[in-house]
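Let's take a walk through this structure together, one part at a time. Have the sequence handy as you read.

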Amino acid sequence: MTTADVGGLRDEVERLLDGPLPLPIVQAGHPVLRRPAAPYEGQLGERLLARLLEAMRVTMLAAPGVGLAAPQVGLGVAIAVVQDEWPVDDEAAAARERRPVPFRVLVNPAYEPVGDERVAFYEGCLSVHGWQAVTARWRSVRLRALDADGAQVDEVLTGWPARIVQHETDHLAGRLYVDSAEMRSLCSAAEAARWAAATPHEAACELGFTLP
Ligand code: CO
């Protein structure tokens, strides 16, 4: 990393934080979503990093979403925030293994599957506004990352929390969920109420795709 890169990212973040909140979320088609993000190596310093993380948290909650990666606010650096404390009905929560995830920061995250089980559910992305599609993910993953204080994270996640971490970590590699989603399940916001069931089994029958 050169000094110019450090200054470049700092300037970009300062400019972004001078603007309004919530931060604008860039949409699919913007190249920043397709470039692997640079590792975070302290480029921002403690205070600017804290301000960015708070702005990302506010933006994620306002959207509303359960995760937001830095490229989604135009920054090519490997930082994401997640939080899932939205109310969910019991049936959906059980089927999706969706448990509350308190706010957390993922710096330079990586994951690998634990076991070989794949599970498929409707998934969306704040950068693919208005659409959702069934996406198969590892049911369990081992997450390795740093937290906001630079402490090592190494843990195994299962169910919806594992899905969120896979989605956000993929953003930092320039991947979007639509790259691996079942395209026959693609569903616009106008039709989303049809497929609000806890599992996508009926959608699979009606729209003509198979589940893992
Ligand atoms: Co996303």
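What follows goes from the cores to the metal site, then on to the charged pairs and one loop.

A word on the ground rules: this is a predicted model, where local features need pLDDT of at least 70 and side-chain atom pairs count only at pLDDT 80 or more, while totals for chains, interfaces and linings use all residues. Residues are numbered from 1 along each chain as its sequence is written, and side-chain values use heavy atoms, with hydrogens and water left out.

Let's start inside. A nonpolar core here is a set of buried Ala, Val, Leu, Ile, Met, Phe, Trp, Tyr and Cys residues joined through side-chain atoms within 4.5 Å. Buried means under 20% relative accessible area, exposed means over 50%, and partly exposed is in between (1.4 Å probe, protein chains only). The largest such core has 24 residues, and Val13, Leu44, Leu75 and Ile79 have the most contacts inside it.

Have a look at Leu75. Setting aside neighbours within four places in sequence, Leu75 is in contact with Leu9, Glu12, Val13, Leu16, Val32, Leu52 and Ala70, where contact means heavy atoms within 4.5 Å. There's also a second, separate core of 13 residues, which includes Phe121, Val141, Ala162 and Ile164.

Now for the metal. Which protein atoms are the donors of the cobalt ion? They are Cys125 (SG), His167 (NE2) and His171 (NE2), lying 2.1 to 2.3 Å from the ion. Donors are N, O and S atoms within 2.8 Å of the metal (3.2 Å for Na, K and Ca); water is not among the atoms, so sites may look incomplete. Along the sequence, the donor residues follow the spacing C-x41-H-x3-H. Cys125 sits in the loop between β4 (118-124) and β5 (131-138), and His167 in helix α4 (residues 160-171), so this pair ties together parts that are 42 residues apart in sequence. Cys125 is buried because its relative accessibility is 9%, and His167 is buried too, at 8%.

Next come the charges. Side chains of opposite charge can pair when their charged atoms come close. Counting a salt bridge as a side-chain nitrogen of Lys or Arg within 4 Å of a carboxyl oxygen of Asp or Glu, the total comes to 14. One of them joins Glu14 to Arg10, with the closest N and O atoms 3.8 Å apart. Both residues lie in helix α1, four residues apart, or about one turn of the helix. Glu14 is partly exposed at 33%, and Arg10 is partly exposed at 31%.

Compare that with Arg163 and Glu123, whose closest N and O atoms are 2.6 Å apart in their salt bridge. Arg163 is in helix α4 and Glu123 in strand β4, so the pair ties together parts 40 residues apart in sequence. Both Arg163 and Glu123 are buried. Arg137 and Asp170 also form a salt bridge, at 2.9 Å from N to O. Here strand β5 holds Arg137 and helix α4 holds Asp170, 33 residues apart. Glu123, Arg137, Arg163, Asp170 and Arg175 are linked in a network of salt bridges.

Last stop: Glu191, in the loop between β8 (187-188) and α5 (201-207). Glu191 is partly exposed, at 35% relative accessibility.

Key:
Helices (H or I, at least four residues) and strands (E, at least two) are DSSP runs, numbered from the N terminus.
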